[in-house]
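Trainee: I have this structure open and have never seen it before. Can you walk me through it?

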Amino acid sequence: MLSLSSSSLLRPSLHCRASSSDRSLGRKLFCCSMAPATKFHNLSKLEHDSDVLIECRDVYKSFGDKHILKGVSFKIRHGEAVGVIGPSGTGKSTILKIMAGLLAPDKGEVYIRGKKRAGLISDEEISGLRIGLVFQSAALFDSLTVRENVGFLLYESSKMSENQISELVTQTLAAVGLKGVENRLPSELSGGMKKRVALARSLIFDTTKEVIEPEVLLYDEPTAGLDPIASTVVEDLIRSVHMTGEEDALGKPGKIASYLVVTHQHSTIQRAVDRLLFLYEGKIVWQGMTHEFTTSANPIVQQFATGSLDGPIRY
Ligand SMILES: Nc1ncnc2c1ncn2[C@@H]1O[C@H](COP(=O)(O)OP(=O)(O)O)[C@@H](O)[C@H]1O
Ligand SMILES: [Mg+2]
């Protein structure tokens with residue numbers, strides 16, 4: 001498994017070949033996901049939860065005597081585009097690392113498609129779900145070229161030829177709006193370009209393998225530090241790789257079944273996600289659709305939405 005510092009992408013070898021019944025289940029799940037979550041209210045518990053890809057149940061995490069997560073519970077369903085918001089230092093990155101299996105909770109459980117994950121993610125784990133994490137900093141390897149950074153996992157672990165990888169890297173870079181930068185080093189790129197290279201690295205995958213299980217991408221502040229136009233480019237890219245039944249920027253059906261974005265930026269909340277989870281003082285204190293965010297009567301949400309100094313959140 002890759003260490004946190006070595007890559008902005010976590011993509012463990014979880015690839016498993018699915019049977020035709022798995023495929024039809026996958027299609028069913030996808031169809032279910034097209035309906036708004038509220039339509040499920042009258043369904044039985046079993047049917048209601050059949051489209052849950054990741055569930056955190058009563059998750060606790062402390063670092064020394066700092067109690068960061070104090071009973072976090074939420075579900076990510078197939079087809080969802082979810083934002084995680086909350087003040088700095090509340091544990092947003094921590095919860096992403098726990099979902100990705102890089103950190104183990106002190107207490108509570110993470111369920112992957114209904115199956116409890118034991119400990120940290122490992123190469124042996126067959127979860128039927130690939131989870132990618134795009135780290136807060138682009139975390140590119142400084143001494144490797146853009147081509148080597150984007151194709152890193154393919155060079156390391158695939159059977160693809162150098163030419164095939166190189167071609168795929170070029171295509172994937174084009175999909176994130178970058179051309180002719182393959183031979184550059186990260187130090188020769190702007191902040192926005194680095195973020196897009198990191199995004200390309202999270203999107204590239206071995207085309208010689210038939211992998212059909214759904215994939216979840218977790219983005220940690222993908223637009224932080226970007227100017228408004230670069231932010232829009234990244235927000236639209238995040239949307240474009242979402243599995244919508246239509247072709248993605250590479251002309252293939254989108255592979256990302258669901259994604260989760262940690263963000264502070266209003267533009268990203270408005271443009272890139274449909275539902276929000278608000279993390280505050282170790283718990284999810286509010287969740288709702290994006291359009292409900294600015295009209296919520298919850299004082300914590302109101303203060304965060306308006307950026308007011310007055311309210312329950314103290315700095
Ligand atoms: N590996 C770690 N060791 C010690 N403290 C940590 C570690 N990771 C995070 N923290 C602390 O946990 C808190 C939450 O961190 P983080 O999840 O990065 O917050 P956020 O992403 O919401 O800003 C912070 O106070 C941070 O310093
Ligand atoms: Mg963070």
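Mentor: We will go from the whole chain to the ligand, and then to some single residues.

Mentor: This is a predicted model, in which local features need pLDDT of at least 70 and side-chain atom pairs count only at pLDDT 80 or more, while totals for chains, interfaces and linings use all residues. Residues are numbered from 1 along each chain as its sequence is written, and chains are lettered from A and ligands numbered from 1 in the order in which they are written.

Trainee: How many helices and strands are in the chain?

Mentor: The chain has 11 helices and 10 strands. Helices (H or I, at least four residues) and strands (E, at least two) are DSSP runs, numbered from the N terminus.

Trainee: What percentage of the residues is buried?

Mentor: Of the 315 residues in the chain, 37% are buried. A residue is buried if 20 or more other C-beta atoms lie within 10 Å of its own, exposed if 12 or fewer, and partly exposed in between, with C-beta atoms placed from the backbone.

Trainee: And what share of the contacts comes from residues 24 or more positions apart?

Mentor: Among contacts with a separation of 6 or more, such residues account for 66%. Two residues are in contact if their C-beta atoms, placed from the backbone, lie within 7 Å.

Trainee: Next, the ligand. Which residues are around ligand 1?

Mentor: They are Phe-63, Lys-66, Ile-68, Ser-88, Gly-89, Thr-90, Gly-91, Lys-92, Ser-93 and Thr-94. A residue is near a molecule or strand if its C-beta atom, placed from the backbone, lies within 6 Å of it.

Trainee: Which element gives the largest share of that shell?

Mentor: Helix α3 does, with 3 residues. Both β2 (66–77) and α3 (92–100) supply at least two residues of the shell.

Trainee: How does the shell divide into nonpolar, polar and charged?

Mentor: There are 2 nonpolar, 6 polar and 2 charged residues around ligand 1. Ala, Val, Leu, Ile, Met, Phe, Trp, Tyr, Cys and Pro count as nonpolar, Asp, Glu, Lys and Arg as charged, and the others, Gly among them, as polar.

Trainee: How many residues of α3 are buried?

Mentor: 9 of its 9 residues are, so α3 is mostly covered. Among them are Lys-92, Ser-93 and Thr-94, which also belong to the shell around ligand 1. After α3 comes Gly-101, with a positive phi near 85°.

Trainee: Why does Met-99 count as buried?

Mentor: Because Met-99 has 25 C-beta neighbours inside 10 Å. Met-99 lies in α3 and, leaving aside neighbours within four places in sequence, is in contact with Ile-54, Cys-56, Val-110, Ile-131 and Leu-218. Its C-alpha atom is 9.7 Å from that of Leu-120, 21 residues apart along the chain.

Trainee: Which residues have the most contacts inside the largest nonpolar core?

Mentor: Ile-95, Met-99, Val-197, Val-216 and Leu-218 do, in a core of 65 residues. A nonpolar core is a set of buried Ala, Val, Leu, Ile, Met, Phe, Trp, Tyr and Cys residues joined through C-beta atoms within 7 Å. In soluble globular proteins, nonpolar side chains tend to be buried together.

Trainee: Changing topic: which residues of α8 are buried?

Mentor: In α8, the buried residues are Ser-231, Val-234, Glu-235, Leu-237 and Ile-238. Seen down the axis of α8, they fall within an arc of 160° and so line one face of the helix; the arc is that of the directions from the helix axis to the C-beta atoms.

Trainee: What do they pack against?

Mentor: The buried residues of α8 pack against α7 (191–203), β7 (215–220), β8 (256–262) and α9 (266–272).

Trainee: What phi does Asp-58 have?

Mentor: Asp-58 has a positive phi of about 55° although it is not a glycine. Asp-58 lies in strand β1 (residues 52–63) and is partly exposed, with 14 other C-beta atoms within 10 Å.

Trainee: And where does Glu-281 lie?

Mentor: Glu-281 lies in the loop between β9 (275–280) and β10 (283–289). Its phi is also positive, near 50°, in a residue other than glycine. Glu-281 counts as partly exposed, with 16 C-beta neighbours inside 10 Å.

Trainee: Last one: is Phe-293 buried or exposed?

Mentor: Phe-293 is buried, with 23 other C-beta atoms within 10 Å. Phe-293 lies in helix α10 (residues 290–293).
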